[in-house]
Amino acid sequence: MWPKPDPKHDEQNLVHGLGVIEGCLCMVRPDTYGWEVLTMREYGVKESWTVLFTIVNSHLNAPRYSLVPVFLTNKGEVVMVENHQKVLAYDLKSRNLLDVRQQKYPESSQLFGFPYVESVADGNQERPPRRK
């Protein structure tokens, strides 16, 4: 289990989304004014949690809300999956939340975002022969 940041105020430390941004663990939690997106700059170090940005938006206040950060674009937008149904992009400069796909997926379908993190292991290398 990874160390969570300390809760703000008297709020519970609920995680509404977990992802990876620029190779760092990233989480979304409720904030007094919306949703706070934090990143763990040094994996495993509780004190390294840093607020990346806060989304102030009233339509994102459902109790079973899920917001998963997926990746950071070269334009400075954090792409996220909302409630497994919509793709959103948060522009870090203008602080605007954009709906990437204007239409919502049908209620029966779900959309999952999974960040890809490159590994130092080379999956194409041949394995050494087993010892007998």
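**Sheet, cores and cysteines**

Student: Which residue does Pro69 stand opposite?
Tutor: Pro69 stands opposite Met80 in strand E6. Keep in mind that this is a predicted model.

Student: How many bridges join E5 to E6?
Tutor: There are 5 bridges between E5 and strand E6, which covers residues 77–82, and the two run antiparallel.

Student: What order do the strands of that sheet have?
Tutor: The order is E5-E6-E7-E8, in an open sheet of 4 strands with antiparallel pairing. Strands E5 (67–72) and E8 (97–99) each have a single partner strand, so one side of each has no neighbour in the sheet. On average, neighbouring strands here are turned by 30° against each other, ignoring direction.

Student: Changing topic. Which residues of the largest nonpolar core touch the most other members?
Tutor: Those are Phe53, Ile55, Leu67 and Met80, out of 13 residues in that core. At least two core residues come from each of E2 (24–31), E3 (34–40), E4 (49–55), E6 and E7 (86–91).

Student: OK, and what does Phe53 touch?
Tutor: Leaving out residues up to four places away in sequence, Phe53 touches Trp35, Glu36, Val37, Val78, Met80, Tyr90 and Leu92. There is also a second, separate core of 6 residues, among them Trp2, Leu25, Met40 and Trp49.

Student: Now cysteines. How many disulfides are there?
Tutor: The count is 0.

Student: Why is Cys24 too far from the closest cysteine sulfur for a bond?
Tutor: Because the closest cysteine sulfur, in Cys26, is 8.8 Å from the sulfur of Cys24, while the cut-off for a disulfide is within 2.5 Å.

Student: Is Cys26 buried or exposed?
Tutor: Cys26 is buried, at a relative accessible area of 0%. Cys24 is buried too, at 14%.

Definitions and conventions
Residues numbered from 1 in each chain as written. Predicted model: local features only at pLDDT ≥ 70, side-chain atom pairs only at ≥ 80, totals over all residues. Heavy atoms only, no water. Pairing = 2+ DSSP bridges. Axes fitted to C-alpha atoms, helices over the stretch in contact; angles between N-to-C directions. Core = buried A, V, L, I, M, F, W, Y, C linked by side-chain atoms within 4.5 Å. Buried < 20%, exposed > 50% of the residue type's maximum accessible area, 1.4 Å probe, protein only. Contact = heavy atoms within 4.5 Å.
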